[in-house]
Amino acid sequence: MRVAVSGFKGRMGHEVVKTVLREADLELVAVLDHEPKEKNIREIVEFSSLDVPVYGNLSEMLETVKPDCVVDFTTPKVGYSNMKTILEHGVRAVVGTTGFTPEQITELRTIAESKKIGALIAPNFAVGAVLMMQFAQKAAKYFPNVEIIELHHDNKLDAPSGTAVKTAEMMAETREFIKQGAAEEVELIEGARGAEYEGMRIHSVRLPGLVAHQEVIFGAEGQGLTIRHDSYDRISFMSGVALSVRKTKELETLIYGLENILD
């Protein structure tokens, strides 16, 4: 498959480039940056042996190179517009950018289905993180008292993380609604109890040195249960990215969540 990478200078995008180069059935045909100084990726020392054009305009890249699939790891500000442009050009998309609203996902799915092309948005591409979310969903049926703590590097722009939101959404499907905390509790400092989703509390930590981590803490009388996943290196996401790129060939719709394509 001919693959282009959008946001290739970011930490995740850089890792995606290396992953595409490693995979025998994937070919890197273009990369995109919002304000590129380079014309070709070979101008970057690490990739000096390659001949891959660098673009600053998404539509130009799609029309000139005509990739089979674009992998997008950019920012919440442009993630939606990028994916819409990719799909409208009839190109498959794998997107790890977070911050999509349910309405945006519905609109993008409609475009994908009208074009009969596959696309995938995943808040997290680590298989271990997907299992963590599935385990939490199952546990929430029996432990409705639960809070989520997600921890990421301090350059992450959105909070809570897409993984935390997706986890809460999945737990809400099986969990009895309970508003977490004492009925009369008071925040002495605004935000101390975190964000609220369907009665659950979500807390976001941003610190240098972290990559991506999340724990889901359940409590009940006389017992507790903690489900945690840690990504220590961005390579933990890459098997999921490669799988998603290949899977788009079989799809004619947009899938939200890596768990929906795992066997």
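Predicted model: local features only at pLDDT ≥ 70, side-chain atom pairs only at ≥ 80, totals over all residues.
## Contacts between helices

In this report, contact means heavy atoms within 4.5 Å.

Helix α2 covers residues 58-65 and helix α3 covers residues 76-88, and the two pack at an angle of about 25 degrees with their axes 10 Å apart. Because angles under 35 degrees count as roughly parallel, α2 is described as roughly parallel to α3. The crossing in which α2 passes α3 is right-handed.

## Helix α3 and its contact with α4

Helix α3 also packs with helix α4, which spans residues 102-115; their axes come within 9 Å and cross at roughly 15 degrees. That angle makes α3 roughly parallel to α4, and the crossing of these two helices is left-handed.

On the α3 side, the contact is made by Tyr-80, Met-83, Lys-84, Leu-87 and Glu-88, while α4 contributes Gln-104, Glu-107, Leu-108, Ile-111, Ala-112 and Lys-115. Sorted by class, the contact of α3 with α4 has six nonpolar residues, one polar residue and four charged residues.

## The open parallel sheet

Seven strands form an open sheet with parallel pairing, and their order across the sheet is β3-β2-β1-β4-β5-β6-β12. Strands β3 (54-55) and β12 (254-256) stand at the edges, each with a single partner strand, so one side of each is left without a neighbour in the sheet. Within this arrangement, strand β1 (residues 2-6) pairs with strand β4 (residues 69-72) in the parallel sense over four bridges, and Val-5 stands opposite Val-71 in β4.

Helices also lie against this sheet. Helix α7, made up of residues 238-247, packs on the sheet and touches β1, β4, β5 (92-95) and β6 (119-121), with its direction at about 150 degrees to that of β4. Helix α1, made up of residues 11-22, lies across β1, β2 (27-32) and β4, and runs at about 160 degrees to β2.

## The antiparallel strands

A further set of strands pairs in the antiparallel sense. Strand β7 (residues 146-152) and strand β10 (residues 212-220) run antiparallel and are joined by seven bridges, with His-213 in β10 as the bridge partner of Leu-151.

Strand β10 is also joined to strand β11 (residues 223-231), again in an antiparallel arrangement, by nine bridges. Here Ala-212 stands opposite Ser-231 in β11. The hairpin of β10 and β11 has two residues between the strands, and in this hairpin Gly-222 takes a positive phi near 75 degrees.

## The two domains

The chain is divided into domain 1, which comprises 2-121 together with 235-256, and domain 2, which comprises 127-231. Taken over C-alpha atoms, the centres of domain 1 and domain 2 are separated by 29 Å. The contact between them takes nine residues from domain 1 and twelve residues from domain 2.

Notes: Residues numbered from 1 in each chain as written. Heavy atoms only, no water. Axes fitted to C-alpha atoms, helices over the stretch in contact; angles between N-to-C directions. Parallel < 35°, antiparallel > 145°, perpendicular 65-115°, else oblique. Left-handed = near helix turned anticlockwise from the far one by under 90°. Pairing = 2+ DSSP bridges. Domains from an automatic or database assignment. Nonpolar A, V, L, I, M, F, W, Y, C, P; charged D, E, K, R; others polar.
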